[in-house]
Amino acid sequence: MEQSATEITFHHHTDEKAFKRNVIRTTVILSVITVIELAIGLIIYTMHKGDNPNTYLVLAFKGLVCILTLAKAYYIVSVFMHLGDEIRNMIMTIVVPLMLFIWFIIAFIVDGNSYKNLRNNYDRHFHDTTMPKEHHNAAEHAPETEAPQPGKQ
Amino acid sequence: MATTATAQTKWWSGGKSPFNIEYGKLMMWYFLMSDAFTFGAFLISYGSIRFSQNFWPDPNVVFNAFPGAGHANLPLAFVSVMTFILIISSVTMVLAVHAGHNGNKKEVVKWLAWTIVGGFAFLGCQAWEWHHLITGEHATLIDGQIQMVGQTTRVNPWGALVHGPELTAALQNSTQHTLATLVSEHSTAYTHDQLMGMPKQQLLGLINEAEVHVREKGPVAFGGYFYGITGFHGFHVFSGVIINIVMLAMAQNDVFEKRGHYLMIEKAGLYWHFVDLVWVFVFLCFYLI
């Protein structure tokens with residue numbers, strides 16, 4: 001027995017078997033992606049523990065995790081929230097405004113990065129107190145680090 | 001509503017729902033879209049600040065505890081439990097919505113109840129994690145001496161590790177109490193009272209500099225963003241649980257049976273899936289990268 005409100009003029013018919021199969025399939029996909037993400041997280045952790053982590057490889061793994069997350073989001077929205085079953089125009093009213101995120105993410109991350117570079121160039125104190133020691137050129141900054149002001153670390 | 005619409009057949013000429021979707025459900029979608037922008041703005045702000053720092057704590061160092069596992073180093077373990085709880089509770093919600101489509105009250109009640117259990121389990125996990133982070137005692141180099149601090153919005157104890165002469169000097173400057181705490185973390189040979197009564201030089205002799213993990217202060221923004229965003233998400237989970245409890249009570253009392261449809265469960269379901277969706281991104285931004 002299908003039940004619905006008056007606004008709805010036609011129904012998407014799915015039989016019980018197809019529904020079950022779809023839910024199980026999506027659950028398995030989400031779980032497998034999550035396990036892969038966790039494995040990549042542990043790989044990144046092991047790389048960080050090493051002496052000289054390859055920053056580009058770490059970045060590539062992080063990018064991969066971002067893509068996997070987007071895949072998870074797609075499955076949750078399209079299958080669990082049934083957005084995939086709606087009419088195309090309705091999907092577009094949700095998805096098109098979300099395109100704003102493309103600009104939003106790029107602009108603000110580039111801005112943060114630029115602020116860091118400007119501060120490292122023009123604010124010596126910020127550079128010396130926050131730059132991790134591994135990347136420190138010890139000889140270059142030796143005079144400043146040798147004589148710390150009392151009460152300052 | 002339906003009575004006025006019979007004459008008009010074209011979707012965009014009024015009278016019919018242009019998207020063949022219930023009004024309330026459409027509005028729930030638009031609310032969720034706006035909520036996505038709120039969460040997105042928070043996460044992007046976090047990303048912007050993180051990119052403006054030379055150093056950011058490694059999440060695997062911060063989130064490595066598991067209830068009942070003491071000081072064992074288990075990165076990602078607990079958060080994966082939380083993630084799976086939310087995925088499973090999302091699946092039970094799908095089943096509840098589907099049971100509603102079929103007008104099956106018993107199944108609706110059953111799956112809603114499991115979804116609520118999942119929601120409470122997640123909130124419990126988050127409460128434990130916050131408590132552990134706030135009350136944890138981490139040896140941190142502050143103003144030249146070592147202090148034992150937790151992760152709060154005012155201080156971040158996850159900066160770079162302190163080595164060599166800097167560490168020796170920091171140990172010299174630290175209080176008896178801090179040193180006693182450091183010693184008792186690695187050995188149970190003395191009681192805390194015995195350690196407090198010991199001369200400082202003897203106490204320092206008990207500390208193996210290779211063994212103690214003393215860190216500099218990390219970026220302060222870490223705490224605010226972590227508690228702010230996971231707290232905002234936790235608030236969504238909490239309100240989702242409340243909504244689900246209301247749905248459960250309504251289903252149990254035959255409100256939907258009398259109405260003739262279970263469409264309200266569908267809207268509650270959308271909200272609950274959205275909570276899971278947001279967690280996918282919170283998980284990514286705070287725990288994985």
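**Close-up views of a predicted two-chain model**

At 11% relative accessibility, E266(B) counts as buried, where buried means under 20% relative accessible area, exposed over 50% and partly exposed in between (1.4 Å probe, protein chains only). The model is predicted: local features need pLDDT of at least 70 and side-chain atom pairs pLDDT 80 or more, whereas totals for chains, interfaces and linings use all residues. Residues are numbered from 1 along each chain as its sequence is written, chains are lettered from A and ligands numbered from 1 in the order in which they are written, and side-chain values use heavy atoms, without hydrogens and water.

**View 1. The salt bridge between K25(B) and E266(B).** The side chains of these two residues meet at 2.5 Å, N to O; a salt bridge is a side-chain nitrogen of Lys or Arg within 4 Å of a carboxyl oxygen of Asp or Glu. The pair links distant parts of the chain, 241 residues apart, with K25(B) in helix α1 and E266(B) in helix α11 of chain B. Helices (H or I, at least four residues) and strands (E, at least two) are DSSP runs, numbered from the N terminus. K25(B) is buried, with a relative accessible area of 11%. Salt bridges that share partners join E86(A), K25(B) and E266(B) into one network.

**View 2. The interface of chain B and chain A.** Here 69 residues of chain B are in contact with 65 residues of chain A, contact meaning heavy atoms within 4.5 Å. The area buried between the chains is about 6200 Å², and carbon and sulfur atoms give 70% of it; buried area is the accessible area (1.4 Å probe) that two parts lose on being put together, summed over both. N20(B), W29(B) and N54(B) supply 12% of the area that chain B buries against chain A, more than any other three residues. The rule finds 1 salt bridge across this interface. K25(B) forms a salt bridge with E86(A), the closest N and O atoms being 3.3 Å apart. On the side of chain B that touches chain A, α1(B) gives the most, with 16 residues.

**View 3. The salt bridge between E37(A) and K72(A).** The side chains meet at 3.2 Å, N to O. E37(A) lies in helix α1 (residues 16-49) and K72(A) in helix α2 (residues 55-80) of chain A, 35 residues apart. E37(A) is buried, with a relative accessible area of 0%, and K72(A) counts as buried at 1%.

**View 4. The salt bridge between K105(B) and D254(B).** The closest N and O atoms are 3.0 Å apart. K105(B) lies in helix α4 (residues 105-135) and D254(B) in the loop between α9 and α10 (255-259) of chain B, so the pair ties together parts that are 149 residues apart in sequence. K105(B) counts as partly exposed at 24% relative accessibility, as does D254(B) at 28%.

**View 5. The buried residues of helix α5 (residues 164-173) of chain B.** These residues are L167(B), A170(B) and L171(B). They cover an arc of only 100 degrees around the axis, which puts them on the same side of α5(B); the arc is that of the directions from the helix axis to the C-beta atoms. What covers them includes β1 (138-142), β2 (145-149), α6 (176-186) and α8 (200-205) of chain B.
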